[in-house]
Structure formats: C-alpha cells, structure tokens
Amino acid sequence: MRYKETYNRSINQPVEFWKEQSSKIKWFKEPQEILHRDGKFYEWFRDGELNSCYLALDYHIEQGRGETVALIYDSPVTNSIERFTYKEMLELVSGFAAELKALGLEKGDTAVIYMPMIPEAIISMLACARIGVVHSVVFGGFAPAELAIRIDDAKPKVIITANYGIEIGKRIPYLGLVENAIDIANHKVDKLVIKYRNNDRTETIKGALDMDILLATEKRTAPEIMKGNDPLYILYTSGTTGAPKGILRDNGGHATALKYSMDAIYNTRAGEVFWAASDIGWVVGHSYIVYGPLFQGCTTVLYEGKPIKTPDAGAFWRVVQDHKVKTLFTAPTAIRAIEKTDPQAELMKKYDLSSLEALFLAGERCDPPTLKWISSHLNKPVIDHWWQTESGWPMVANPTGIEAHPVKPGSSGVPVCGYDIRVIDESGQELPANTEGNIVIKMPLPPGCLQTLWQDEKRYLESYLNQFDGYFISGDGGYIDEDGYVFIMGRIDDVINVAGHRLSTGVMEEVISAHESVAECAVFAIEDQLKGHVPCGLVVLNKEAAENEAELQKALIAEIRGKIGPIACLSEVKVAKRLPKTRSGKIVRKLLAAIRDGRTYRIPGTIENPEVVDEIKDLYSV
Ligand code: COA
Ligand code: AMP
C-alpha cells in the first residue's frame with residue numbers, strides 16, 4: 001500500500017492499523033484491548049503479554065538466527081572490534097539477569113545505568129528488560145549533580161557503571177563521579193556493579209560488585225512475563241526548567257512501534273547491518289542502537305568513537321565499509337564536523353560504501369547547506385527525520401519502506417503513520433499551509449510514545465496536554481507546506497540543542513544565579529557553525545559585586561561544567577546593567593539571541609523596558 005492510503009488508515013482506523021502492526025511481533029499472549037482510554041490518558045496493548053529482551057534475543061534464536069551477529073562493538077578509542085552473535089548475547093544477558101535477580105532485584109524495581117559505549121551497557125539494559133527491572137540510562141557526559149537528580153527520581157536498587165569512559169585523547173574516570181552523585185543523592189542505593197575495563201581494578205568503590213564475575217555465572221533466567229503497558233525504561237530529558245522529565249516507555253507499544261519503524265521508515269530487515277552513531281544515553285541510542293535493530297533481527301553497531309579525530313574524518317566511512325552498514329543514522333552536527341575537517345570528502349573516497357543505502361539524520365534541524373554537502377558527496381539518499389525523547393521513534397520522516405518521497409531541503413519529511421500532526425496558533429486555531437506555529441499532535445499518540453511521565457501524571461498533563469485540549473504539544477515550532485511536508489524550525493520553549501544534545505537553559509540559569517555576584521541572568525542559544533547552537537549567558541550583578549568580567553565568565557563556565565556536565569558548552573558570559581523583560585516579568589531570550597547573532601529582530605509589544613534593548617545591542621557591538 002502506498003504512503004497516503006496507509007497514512008490515512010493509520011489516522012482514521014488507529015485500532016485496526018496498530019492491531020495489525022502488533023501482530024508482527026511475538027507476544028506470549030496477544031493483546032485483546034488494543035487501545036485503552038481513561039480521560040486524557042491512553043494505553044496501548046495493556047492486556048498483551050510479552051518481554052522486550054525475549055523479542056530482542058531469544059526470538060531470533062528460535063527463528064534460526066542464533067549464529068547471526070547481533071552486535072558489533074567497534075571502538076577506535078581502544079583499538080578493538082568485537083562481535084557477539086545472538087546466542088552469545090543471550091548467554092551474557094540471561095546470566096547477568098539471573099545474577100541481578102539473585103541480588104534481590106525484582107520486576108518493577110529500577111536500575112540506573114551510567115556507562116560508556118561498551119557492550120556491557122547494552123547487556124545491562126537487556127538484562128533489566130529480561131527480569132522486568134525498569135532501567136534508566138544516564139548519559140556519561142552528565143556531572144554528578146545531574147546523575148544525583150536522576151537517582152533521587154528513579155530510586156534505583158542498583159547502579160551499574162564502569163571504571164572509566166574514553167573521550168578524544170582522554171580517559172574520563174567514572175567512579176569518582178558516581179561516588180559524588182551517591183553522596184549528593186538522598187536516595188540510598190542497595191547495590192553497585194562495576195565493569196572494570198581493561199581489567200584495571202586499581203580504583204573501586206567499597207562494597208561494589210564486579211560485573212565480570214557476575215557475567216561469568218553459570219546461572220540463566222527466563223524472560224519475565226510483562227504486560228503491554230508495564231514500563232520498560234525511564235529516560236530523563238530536559239524540560240524548560242527544574243528537574244528533568246522522566247519519559248516513561250512501555251513494553252508493548254514500544255516493541256510494536258520500533259518493529260514498524262524498521263520496516264516502514266528505515267527499510268532495514270533481519271540480517272542487515274544498522275548503525276546509529278549516537279550514544280546509548282540518548283533516545284536515539286535506546287531505540288536504534290539497542291531495541292529497534294535487535295527487535296528486527298539486524299546486526300547493530302555500537303561505536304565508541306567520534307566522527308572526527310578517532311582517528312580522522314574518515315572514521316564513519318571506515319565503519320560503513322568494514323561492517324557493510326546498510327543504514328546509517330547520525331546527527332547533522334557529526335556531518336558538519338566531518339565537513340569542517342575534510343571539506344572535499346577526500347577521506348570518504350578511500351572507502352567502499354556500496355553497502356550503504358541511506359543516511360538518516362536527526363537530533364536537530366538539518367540545515368540545507370549540510371544536507372547539500374553530504375548529499376553531493378555521498379550520492380545516496382540523505383533523510384532528515386524529526387523526533388524527540390517523548391516520541392521514542394520518528395514522527396516526521398521519509399517513509400522509504402512504504403514509498404520514498406523526494407527530499408525537500410529544510411523539511412524533515414511527511415508525517416509518519418500514526419502521527420496526526422497539526423500546526424496551531426496560540427489560541428489553538430489550526431493554521432493554513434506555510435504558516436508557522438506550534439507543532440502539535442492530535443491525541444492519541446501512537447504506540448511507542450510516552451503515555452505519561454515516571455510517577456508524575458500531573459507534570460505530564462501540564463507539560464504536554466493542558467495547553468491545547470486534545471493535542472500533545474511538541475515544544476517545536478514550524479509549518480506544513482502545500483504538499484504536506486513538515487518543516488521544524490526550532491524550539492518554542494527554553495530548551496536548546498547543542499551538538500544534538502537537548503539541554504535546558506532554565507537549569508543553566510539556576511546554576512548561574514546561584515553565584516554570589518549574580519543578581520539575575522538569562523541563558524539563550526546562539527548559533528554555532530559546528531554544534532548548531534551553544535548556550536550564552538547574560539548576567540546582572542549584585543550591587544556590591546566587584547567582579548572582573550573575564551574572571552566571572554571563567555568561573556561560571558566552570559560551574560556549568562561541574563554542575564551540569566562538559567556537554568553543556570557554555571560559550572560566553574557578559575555583564576549587562578538590566579535584562580529586557582515582558583510586563584509579566586519574562587526574559588525575552590529569543591530577542592537576546594537575535595541581537596547577539598546580529599539577526600533582524602522585532603521588539604515585542606509586551607516588553608516593559610524597550611530602552612534596555614539598545615543597551616544590550618551596544619553590549620554586543622563592542
Ligand atoms: N562522557 C563524558 N564526557 C563527554 C561525553 C561522555 N559520554 N560526551 C561528550 N563529553 C565531553 C567531551 O569530552 C567534551 O569535553 P571537553 O570540553 O573537555 O573537550 C565536551 O563533553 C563536549 O563534547 P561534544 O559536545 O561531543 O563536543 P566535541 O567538541 O568534543 O565534539 C562533535 C564535537 C560534533 C564531534 C560531537 O559533538 C559529536 O560527535 N556529535 C554528535 C552528537 C550525537 O551523536 N548526538 C546524538 C543525537 S542523534
Ligand atoms: P531529544 O529529545 O533529545 O531527541 O531532542 C528533541 C528535539 O530535538 C526536538 O524537539 C527538536 O527540537 C530537535 N530535533 C530532533 N530532530 C530534529 C529534526 N530532524 N529537525 C529539527 N529538529 C529536530
């Protein structure tokens with residue numbers, strides 16, 4: 001069936017459509033109730049029974065794919081490549097799961113996984129899924145305070161970590177960070193498991209268990225029977241302010257949606273090689289390094305390296321050639337890094353890329369110059385697609401598995417089946433084609449998307465559903481053109497995107513405001529050639545503060561790094577006399593960003609002190 005027909009059916013007959021898709025995964029007991037509604041809350045497949053680890057591993061062995069490689073760990077930073085068949089993965093996962101059970105972990109408990117890009121991270125995720133323990137992976141680039149916030153919210157029984165991660169040219173010791181986080185957190189964790197990389201046990205934490213010993217176990221455990229709506233994982237993502245939001249993923253909707261996406265969007269089948277060059281700490285890593293490709297019986301690549309400098313800008317092309325990657329998925333920032341280092345794509349020419357069928361990009365808006373550069377050198381379809389932690393899988397894409405669409409630069413494609421995407425203004429009125437507004441999705445969201453937040457239904461409603469009745473607000477602005485292509489133009493809230501990493505300016509403002517010399521501040525995103533955007537700060541000093549501006553900038557950059565993590569990349573801090581605000585006291589961050597970037601701007605009529613705008617302009621024209 002062609003796209004239009006399929007899409008219309010998914011919107012007009014969602015229950016029939018998703019029942020059919022759910023039959024493509026193996027349930028222990030097929031769901032009878034496909035979609036359940038309770039007021040504003042929806043649940044997919046709540047009475048079905050399944051297990052996500054079984055679907056990712058055991059099922060393929062039953063289908064005769066036991067000797068197929070499930071995982072290729074390619075690590076230029078340790079100069080190693082390891083392969084694990086489905087059978088080998090199952091042995092490791094089932095053994096580790098049995099040991100976690102023996103430690104007292106039970107269905108419904110939680111586990112935090114704070115690990116670099118090593119196979120043990122995936123083994124840990126799948127082991128949790130096997131025994132019904134809800135995992136919460138925390139990205140390694142977050143500082144102890146951020147890890148502690150997640151520990152306090154998820155209340156894990158166990159933390160699984162490693163002794164170190166490796167970034168370009170340096171080791172990142174994890175254990176000090178973990179100890180620090182455990183000290184800060186109020187919640188007390190029962191158990192700590194450490195993977196000692198390189199067999200290096202010189203540093204440890206008292207009472208910690210050795211993951212290698214647990215992995216060597218003879219024990220095995222069967223997959224736990226999970227209901228369709230039982231939680232699989234929590235993944236924290238930045239909100240506008242305050243604590244991160246714990247996006248909750250179920251088992252049944254997630255498995256159905258990811259399986260569907262592997263066919264309809266990525267057009268990648270069992271036995272083919274799928275590589276998402278992301279990190280397991282992000283949703284892309286959860287969905288397309290771990291669960292999606294394994295649900296589909298593909299070979300997935302876990303790459304511990306960067307697009308450049310490990311060792312050079314040919315790294316991605318080397319991996320594609322060596323592992324015969326069919327589908328590659330990365331963020332535009334990675335392509336910009338490659339372009340900057342190898343503008344003529346000379347290194348690309350050294351490799352045989354005949355296995356590659358398409359390159360998918362997401363994580364931030366793919367700017368047309370980057371799209372043009374990579375398309376012209378790669379000579380393969382380059383497909384931008386839009387999604388977020390909340391959705392867990394693409395909402396707008398080019399459905400290559402149903403009907404490939406011509407690419408329109410600047411657009412991330414057409415709505416994916418199941419997503420009824422609309423553009424509305426502040427009063428909730430639907431806008432005509434080519435008119436920019438709030439991108440919203442008519443409820444219900446399809447399977448796979450969050451249906452609530454971890455133990456916080458109130459915040460779920462307030463953050464996503466209360467603003468426009470019957471619609472999920474995505475937080476992004478954009479428009480739909482006359483051909484139905486969606487153009488995502490950027491966040492409408494105070495969330496920013498730095499090198500494909502989603503960060504909250506509100507949280508950065510909390511850190512900066514805590515400095516003794518700072519009376520108030522604003523953090524906003526400014527354009528950056530490599531990372532898309534980087535945060536920049538403007539502070540108003542306390543009356544008695546006598547700060548040297550350069551020293552203050554250094555101190556605040558260090559504070560952000562120490563409290564949020566190195567990935568925050570605060571780029572500059574300037575001192576202003578006052579900040580422009582609306583009559584209701586809101587700082588107009590978008591206006592500040594436009595002034596700082598030298599773009600044209602319009603002073604909103606709601607500004608209480610328009611004269612401040614000139615002061616800020618002068619500040620940046622120096
Ligand atoms: N653990 C610890 N530290 C980390 C980390 C991790 N997992 N990931 C990044 N960092 C650190 C880096 O070492 C760096 O520290 P430094 O300031 O001391 O050098 C800092 O965080 C910033 O890292 P990054 O944003 O990665 O910038 P970079 O300049 O090192 O590299 C790119 C630039 C473009 C190569 C890199 O950002 C990249 O590969 N981006 C792709 C992003 C991506 O895949 N996003 C997923 C969404 S699909
Ligand atoms: P995250 O939840 O970390 O995946 O970040 C989601 C946010 O990244 C979205 O709300 C968008 O602002 C942005 N984003 C992701 N993919 C795209 C894309 N293809 N085009 C534009 N913005 C994107």
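A: Start with the polar contact, which is a pair of N or O atoms within 3.5 Å; within protein, one must be able to donate a hydrogen and the other to accept it, and residues adjacent in sequence count only if both atoms are side-chain atoms. Here, a polar side-chain atom of D384 lies 2.8 Å from a nitrogen atom of ligand 2. This is a predicted model, in which local features need pLDDT of at least 70, side-chain atom pairs count only at pLDDT 80 or more, and totals for chains, interfaces and linings use all residues. Residues are numbered from 1 along each chain as its sequence is written, chains are lettered from A and ligands numbered from 1 in the order in which they are written, and side-chain values use heavy atoms, with hydrogens and water left out.

Q: Which atoms of G363 and Q388 lie close to ligand 2?
A: For G363 it is a backbone N or O atom, 3.1 Å from a nitrogen atom of ligand 2. For Q388 it is a polar side-chain atom, 2.9 Å from an oxygen atom of ligand 2. On its own, ligand 2 has 490 Å² of accessible area, and the protein covers 94% of that. Such areas come from the Shrake-Rupley method with a 1.4 Å probe; for residues, only the protein chains shown count as cover.

Q: Which residues come nearest to ligand 2?
A: A residue is near a molecule if one of its heavy atoms lies within 4 Å of it. There are 15 residues around ligand 2, and H385, T389, D476, R491 and R502 come nearest. For classes, Ala, Val, Leu, Ile, Met, Phe, Trp, Tyr, Cys and Pro count as nonpolar, Asp, Glu, Lys and Arg as charged, and the others, Gly among them, as polar. The shell of ligand 2 has four nonpolar, five polar and six charged residues.

Q: How many residues surround ligand 1, and which polar contacts does it make?
A: Ligand 1 is surrounded by 23 residues, and the closest are E167, K170, P307, K531 and R561. The side chain of K170 has an N or O atom 2.9 Å from an oxygen atom of ligand 1, and a polar side-chain atom of K531 also lies 2.9 Å from an oxygen atom of this ligand. From A277, a backbone N or O atom lies 3.5 Å from an oxygen atom of ligand 1. Taken alone, ligand 1 exposes 950 Å², of which the protein buries 83%. The shell around ligand 1 divides into twelve nonpolar, six polar and five charged residues.

Q: Is N199 buried or exposed?
A: Buried means under 20% relative accessible area, exposed over 50%, and partly exposed in between (1.4 Å probe, protein chains only). N199 counts as exposed because its relative accessibility is 57%. N199 has a positive phi of about 50° although it is not a glycine.
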